[in-house]
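Morning, everyone. Have a look at it first.

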Amino acid sequence: MTLPAATIRVIDSHTAGEPTRVVVAGWPDLEGSLEERRRLLEARHAQWRTAVVNEPRGHAAIVGALLLPPADPSSLAAVIFFNNVGTLGMCGHGTIGLVETLRHLGRAAPGRHAIETPVGVVEAELHDDGRVSVRNVASRRTAAGVEIDVPGVGRVRGDVAWGGNWFFLVHGERRDLSTAHLGRLGAEAAAIRSALAAAGVTGDDGAEIDHVELFGPAEGADSRSFVLCPGDAYDRSPCGTGVSAKLACLHADGRLPVGRVWTQESVIGSRFEAVIERVQGDAVWPVITGRAFVTGVSTLHLHPDDPFRWGIG
Ligand code: PYC
């Protein structure tokens with residue numbers, strides 16, 4: 001007897017060039033708090049994750065967003081973000097993509113909406129013109145001027161910061177942040193990430209620093225960046241959680257007051273506008289604004305005879 005193909009309904013979008021694939025239906029049930037469900041997704045549903053975002057249905061740059069009913073009925077949604085290697089605490093571009101997807105489905109109107117993520121509740125404001133502003137979780141720098149020796153790169157200095165994920169923000173302004181140098185940028189950033197792990201440099205409670213940011217000058221923006229994501233894809237957008245981490249570092253250095261707009265450009269030239277809305281102690285509350293566009297509405301088929309039904313890798 002041939003088993004029927006499992007089907008998963010997804011909606012694809014991109015935010016400033018970075019793809020998000022929202023899973024609308026077809027994922028097996030997960031029980032518990034959002035953090036417990038995130039751990040279950042990692043431990044027991046890894047093959048569903050790889051089926052959705054990995055080749056042959058996806059690719060390394062796609063961030064998946066499992067749409068779930070919120071614990072608080074006044075929230076718009078709950079979400080667990082994931083990629084080709086695991087789950088993410090938060091995702092700025094993904095939240096913008098999720099809100100645009102819900103707008104496309106007729107489930108989000110302009111206004112402010114709470115969205116539950118494993119690292120806390122964020123607020124997404126859908127503007128009349130289609131832009132979305134994400135009031136992210138409290139972000140902060142946890143270590144400044146960390147120096148490490150990176151094999152093949154040399155001595156590197158940077159800051160460790162939390163913006164919903166853990167980041168290492170490399171000091172210095174480089175002039176080679178362009179798509180012509182993606183291979184070299186990715187290799188250097190990956191070498192820095194490995195050197196941090198080898199040197200025992202972590203986020204809070206030993207958390208792995210799985211994102212690395214390189215910075216350079218930009219024309220008509222405050223800064224340009226290259227962001228390496230955990231599965232080695234680079235972020236096509238300026239990375240919402242990465243910009244949050246950047247704002248925390250700028251504020252800690254006395255370089256960005258509350259309320260001043262910071263424009264961050266990605267390595268492909270797309271932009272987010274960001275602002276620190278409030279500060280308490282060493283924590284800043286960033287608001288990141290960008291726009292997403294729906295690019296596809298599909299049903300993924302996982303045929304039982306397909307040797308790659310669970311994706312490659
Ligand atoms: O926008 O926060 C973000 C993000 C994280 C990983 C990819 N994009």
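A word on labels before we start: helices here are DSSP runs of H or I with at least four residues, and they are numbered from the N terminus. Also keep in mind that this is a predicted model.

Now the ligand. Which residues surround it? The list is E18, C91, G92, H93, H211, C229, D235, C239, G240 and T241. Sort that shell by class and you get 3 nonpolar, 5 polar and 2 charged residues. Which helices each supply at least two residues of the shell? They are α3, residues 92-104, and α5, residues 240-252.

How much of the ligand's accessible area does the protein cover? On its own, the ligand has 240 Å² of accessible area, and the protein covers 99% of that. As for the space taken by the ligand, that is the largest cavity.

The structure holds 5 aromatic pairs. One of them is W48 with W310, in an edge-to-face arrangement. Centre to centre, W48 and W310 are 5.1 Å apart, with 65° between the planes. Where do these two sit in the chain? W48 is in helix α2, residues 46-53, while W310 is in the segment after β16, residues 283-302. They are 262 residues apart, so the pair links distant parts of the chain.

Last, two backbone details. In general, most residues other than glycine have a negative phi, and most peptide bonds are trans. Now look at A16. Its phi is positive, about 50°, and it is not a glycine. A16 belongs to the loop between β1 (6-15) and β2 (18-25). Then check E55 and P56. The peptide bond joining them is cis, with omega about 10°. P56 falls in the loop between α2 and β3, the latter being residues 63-68.

Note on methods. Residues numbered from 1 in each chain as written. Predicted model: local features only at pLDDT ≥ 70, side-chain atom pairs only at ≥ 80, totals over all residues. Heavy atoms only, no water. Near = heavy atom within 4 Å. Areas by Shrake-Rupley, 256 points an atom, 1.4 Å probe, with all protein chains shown as cover. 1 Å grid on protein atoms, 1.4 Å probe; cavity = no way out; pocket = protein on both sides within 12 Å on 5 of 7 lines; lining within 4 Å. Sits in = over half its atoms within 2 Å of the grid points. Nonpolar A, V, L, I, M, F, W, Y, C, P; charged D, E, K, R; others polar. Phe/Tyr/Trp six-rings, centres within 6.5 Å; stacked < 30°, edge-to-face > 60°.
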